[in-house]
Amino acid sequence: CTDNFEEINSNPNAPETVSANLLTATVTSEITRTLTEEGYSDGNSITQLMAKNNFPGFAQFDWSDQGMWNFFYGILPEIDDILQISRNEETQNSTYEGMALTLRALCFANLTDLYGNVPYSEALAGDTEGIFTPVYDSQEMIYNGVLQDLADADAALAANQSISGTTGDVIYDGDPARWRKLANALRLRYLLRISKQRDVSQEMQAITSAGNYINSNADNATLTYSGTSNTDSWPQSTGRIGGFDEKSLCDTALEYFNTFNDPRLDIWFDRNSEGKWVGMPIGLNQDNARAFDDANSPSRLDVDLFYYSRTGAQAYIIKNSEVQFILAEAAERGIISGDAEAYYNAGVRASLSYWGVDDTTITAYLAQPAVSYNGSLELLLTQKTIALWNVDYQGWMNYRRTGLPALQPGPDTLNGALYPVRFLYPSSEQTLNTTNYQNAVSAMGGDNINVKGWWETGTRY
Amino acid sequence: QDRTLQGTVTDTNGMPLPGASIVVKNTTIGVVTDFDGNFTINIPENENVIEATFMGFKSQELNVTGKTTLTIVLEEDAQGLDEVVVTALGIKRETKKLSYAVQKVDGNELAEAKETNVINSLSGKMAGVRVTGGNSGVGSSSQIIIRGENSLNPSPNANSPLFVVDGIPINNNINNAGGDGNMGVDFGNGAMDINPDDVAEMTVLKGPNATALYGSRGANGVVLITTKSGKGTKGIGVSINHNTTFETLLTLPKYQNEYGQGSNGQFAFNDGGQNRSVTGGINDHVDESWGPALNGQLIPQHDSPTTSGFRAGDVNLRPRNADGTFADDIIATPFIAHPDNIRDFFETGFTMSNNVALTGANKDGNFRVSFTDLSSESIVPNSNFKRRTYAINGAYNLTDWLKVSASMNYINSNSDNRPNNSYGTENVMYLWIWFGRHIDMNGLRDYWQPGLENSQQFNYNYNYHDNPFFTVYENTNSFNRDRVITNMRADLQLADGLDLMFRTGLDYSNELDMRKRAYSTQRFPKGQYREDYTYAQEQNTDFLLSYTKTLTEYFDLGVSVGANHRVAKNRYQRMSANSLSIPAIYNFGNAAEPLTTSDYDSEFRVNSAYAFGNIAYKNYLFLDLTARNDWSSTLPEDNNSYFYPSAGISAILSDMFEMPEAISFAKLRAGYAVVGNDTNPYNLAATYGFGDTFNGFSRVYSPSELKNSDLKPEKTNSIELGADVRFFGNRLGLDIAVYQSTTKNQIISLPVSNTSGFSSRVINAGEVQNRGLEITLNATPLRTDDFRWNSSVNFTMNRGKVVDLTEGLDFYTIKNNYLTVGAAIGERIGDLYGTGFQKVNDPDSEYNGQWIINPDSGLPIVDNELRKLGNYSPDFMVGFQNSFQYKNFNFSFLFDWRQGGEFHSRTVAIGGTTGMLDFTVPGRETGIVAAGVIANADGSYTQNTQNVSASNYYSHVYNRSNEESSMFDATYVKLREVKLGYNLPKKWFDTVPFSSATISLVGRNLALWTENDHVDPESISFSGGSIVPGVEDMALPSTRSFGLNVNLEF
């Protein structure tokens, strides 16, 4: 009665095992694209570079989990699979191993930065260990793991093993040397992030001295959209113009741009119908945002760059400008040796040059009294915040760690006088991982948007 | 040696009784009388007793030894006791002998008050049966649930009964594919292809006790459809049926008529949001209705004229200055309400169905051919549904001992356009909830900007929405489905009482769906062309060997053994060009980007062996036993064989004991059954999924579902008790059934925390218990020679309860769409969870139960913790039918009452935030103080006094992420059906060729009473390709229909 049953029930539609390059194409494209899309839509709002004239709830701090939890835990299994494949005897490849470790570190660092305690040590073990309700680990413990992964990635990528055939890597096409620079750039980012809690100077110094980090725009971890289909186009270019038009220049950013006489204003934004630059206050409610919009016609984002072009804007994980500002701050604080001003200038130069500003203009820009370096962390971090335009939530992380540049809630905030510092856990965790969720909430002191994490409560500075 | 017997059946007045059944006792041989009450039947050798039965008449057994012709006179009886029904495997049995509840609907009833989707005709007519209609007009899917949901699996197909046509199981899957940027389209459910004109009878087997022989697939009940045959025709019979039905709106959301589009009371059109920073008007990019009062003041609008001669909304044509601003001026026009603008969009629906059937029979065989053409124009412009059915069947006695029969139904269903459903720009109901009350619908009918045909639509808004006429005329979703349902059967009489039946049947369907999207569509600025191809095939081959014998004077015995072999194959393919090089050329060669594709193949097999027996004692005590074993390819090798038995007993007490005179009949019945079930193919090992290519690289995704190589079959245990008692010479009848069924070891896709690396895993878990009570009451309150009033009430109550889930789990998310449909241990099936506002929870406080207001905003605070907001299952359902017959006239009406249950109306939620619905008018001029309290730091409360604008208030209170505000009681009463029929007197036909003519006026869904006056709580909601229970989401208005049915027999 049951002849051929096993054969009939073997799935002809999909494979049970795959090669690393197919998964790599998925993770490199999805992570880069999502991080930039998040930065564009919400990261720019929380740092007040942009304000919304419609559906402005996010900047009123009417928050939930914002979907990032599902994104990162959704893509981590692919990263885990690449790691397994890269460590199997038959398919061993230290470059894939280094790439997977780098991306795993990036995902978990983002998760703990955004949510605080999250499942880490027991995460992703449904198939291997049958764990479906993993415990939440502390941010400190997760950071230990993140930094270890990045150090291991550095070591694996140093072996410089090549990948034969299609790499699947939309960022560096499988170049181990450049991946190594990305891994070390991320180490610098995360070491500085925990520097209020820990003395990180030895490690940061070692990485800086070795020089294997992103140090030029040519090494930026960027994705250039080919624009052949909706999938591989700049995501905003495939939406409705109404959705694009919900975003405007924020008056906080306009103040920065005016102070610096900044050419990026004209690159990222359009003048309004009267030919003026008008910024919109952050945190207005729907009625007030529309009323302001109607009365003042705030500047919208550059429509040619951010809407009509499928390939004009890129997606990225980390760029040279951010690395230079990290080093500038570390030097300024004495964490590493070196000239803070030189790093600062390199950071400004890298950002402007990335956006197509010519060298002469940049030199003139840097020469302005309002821009030229004076040792002020506020100036440094304001420039860094602008350079972090579209870079996920990194500007907000800087603000949470340093309080700079100072940000005030808008007039229609729903969060009192507080500026929020984390996302809420997704409601699915309440029902699917109840006990661990509740333990995490009590360990952190509540599941609300004002509970600070481990790295921002350090006292070293 | 067989012999032929001819006869006539009449009533006591000598009037012929058409449709009476004649059965040779102890055999399955039976015929039905023709229009003149005549019949011809073959009597096998050694059989001498025939039984004549007819609904409403007392049955008669006659010894026909030596007779070749006879007249049978049946005595009238208020209730047909000796009714014969079709049971599992197509076996005809007397109702009185059954140990379980069975109900049937006669084909005439279906043909007269015709529903295009035959499932809808069952609504309100049977206890235990819940029918929910789709919301895409004629041609929509309908869902049928019998005795509650047994499965925790949210798939609409998991709780569907099995449909069997002439012994062959057919597919009843719902096809509502979305994806690739498109929203869902309802292309119908499989059983919808059944043509009501060809149905002789529909029998519903309600629980595992009745369906145990169908095994795996019978756990949710079985709908047995017997198609018409030529049996009993005298010579040649011709019948013609014509049906015309008009449809009009039954419901429509109640829109306000005081304020137009805009924000903060301001609005003026300039470019409709196309290029806001250059040519934007005043809030003309805002697609909500918080604009100026509609007082007739002059305001530039999209259909206002301009000094350049264009409509203001012809933004791509109007002259421009060098800086991009318009060089012309809009001549403002009065800003007034168009109260009927949305009603104006809809048209009167029109459905016409014509059927011609030819039948013939002689002593050796019979045939029937039938052709039906159905054509329907929807209430949505340019949307339709067409179906042609070709049916042929025949039977022939090749020899005394061999009879063959075959039937073939070819059905072609198609549509030039089916409306989109669910939430988004492709659904016109989505547009209406964001529309403007100042818009004259007629001004949108010319939907191209002149000279830009095929490339640029004309609209009142350009940043979010599509012109509704553009949507329905240009962005079409067509389909064509070819379906063949066929079977062949041979009956052999091997020896006296020993029969062998062999049958094979096929259900095959092939469907092509085509979506076209024009240039300038919001979702596809450069158009789209997409094809979805679905192929389904199921083949069933079975045999049945039966033996019947009268053992002694008192005992009758019947034993059968059989086997079934089932092979099912499915294929799905999708291709889409998501932008086109040249407008309006819908061909993949015209793709402006690489095609996206998806395809899926599946196959599975189930082999089964079964046996059943029945013993009758003195024709008043009956015992039924069944046993079945299945082998399914979908289960692991060690667990792929599973066995399940059933037993039932029925006792006719009124024949066993002396009863009081008032009781004319009394029967008790009891049964116990077990049914096993398998799973879908490929549930044992996880696989990687393909993604779209990115920058030229192929991509795959890791499995999101952890499969299970140790699955066990599901098991349902069911016990059913019933009584059938009739009084006063059968003028009053009462049938009661109570049951409990428990489904264990359910194979479910359990959602797990995605931190585990998977979002779900396949496990055996869960125990769902359904308990229910079904009561059917039939009465003939009045009966004279000329007049008869029959009345029937059916009552259904079912409670589904989650008894257990799995270790460590006390809550299971069945479905997550806006609301969470959750299963919690000890709670009811169908519980709905969502978010609501924080409220004072302190019985001692005078403010207990009031909203807690955020002092920053003056608005209630959303509490993100999930709470139970209701349950979508009804508390009970009642169908109430009355029919009156006076001479040649008959009149009947049916009320359908569903009591209890809740649903979430997304139309109300969104219509509250957009200011479109009537309840958003109060407070527009004055602002609103939310009724609630401010929580003070010391734990006390202060009454809120903060005044907020109406738009802030309503858009917050009806916020779509807060479902509590738009929950409604799902109770409704519907006047489901009204019929007035007239049989033209026979004497009129002396000079015309036809022998009978019936004209009926029919109306369906004529009136609705319910709490929510914006939508019909009955509308099924679709999302992501499947039904979302408990949610109404931008449903098309439900409709009432009026029609005329003419039936002629020659």
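How many residues of chain A are in contact with chain B? Here are my notes on this predicted model.

1. Let's start with that contact. On the chain A side, 71 residues take part, and they meet 69 residues of chain B. Several helices of chain A supply at least two residues each to this side, including α2 (20–46), α12 (286–296) and α19 (427–432). The top contributor is α3(A), with 7 residues. If you sort the chain A side by residue type, you get 25 nonpolar, 30 polar and 16 charged.

2. Now chain A by itself. You'll find 20 helices and 6 strands in it. Its C-alpha trace spans about 80 × 50 × 50 Å along the principal axes.

3. How does chain A compare with a compact globule? For 461 residues, such a globule would have a radius of gyration near 23 Å, and chain A has 23 Å, so the two agree. Buried residues account for 56% of chain A. Also, take the contacts in chain A between residues at least 6 apart in sequence: 76% of them join residues at least 24 apart.

4. Over in chain B, have a look at strand β30 (residues 641–652). On one side it pairs antiparallel with β29(B) (residues 621–632) over 11 bridges, and D630(B) sits opposite Y642(B). β30(B) also runs antiparallel to β31(B) (residues 663–677), joined by 7 bridges; there, A647(B) faces Y672(B).

5. In a regular strand, side chains alternate between the two faces of the sheet.

How values were computed. Residues are numbered from 1 along each chain as its sequence is written. Chains are lettered from A and ligands numbered from 1 in the order in which they are written. This is a predicted model: local features need pLDDT of at least 70, side-chain atom pairs count only at pLDDT 80 or more; totals for chains, interfaces and linings use all residues. Two residues are in contact if their C-beta atoms, placed from the backbone, lie within 7 Å. Helices (H or I, at least four residues) and strands (E, at least two) are DSSP runs, numbered from the N terminus. Ala, Val, Leu, Ile, Met, Phe, Trp, Tyr, Cys and Pro count as nonpolar, Asp, Glu, Lys and Arg as charged, and the others, Gly among them, as polar. The radius of gyration is taken over C-alpha atoms; the globule rule is 2.2 Å times the number of residues to the power 0.38. A residue is buried if 20 or more other C-beta atoms lie within 10 Å of its own, exposed if 12 or fewer, and partly exposed in between; C-beta atoms are placed from the backbone. Two strands pair if DSSP finds at least two bridges between them.
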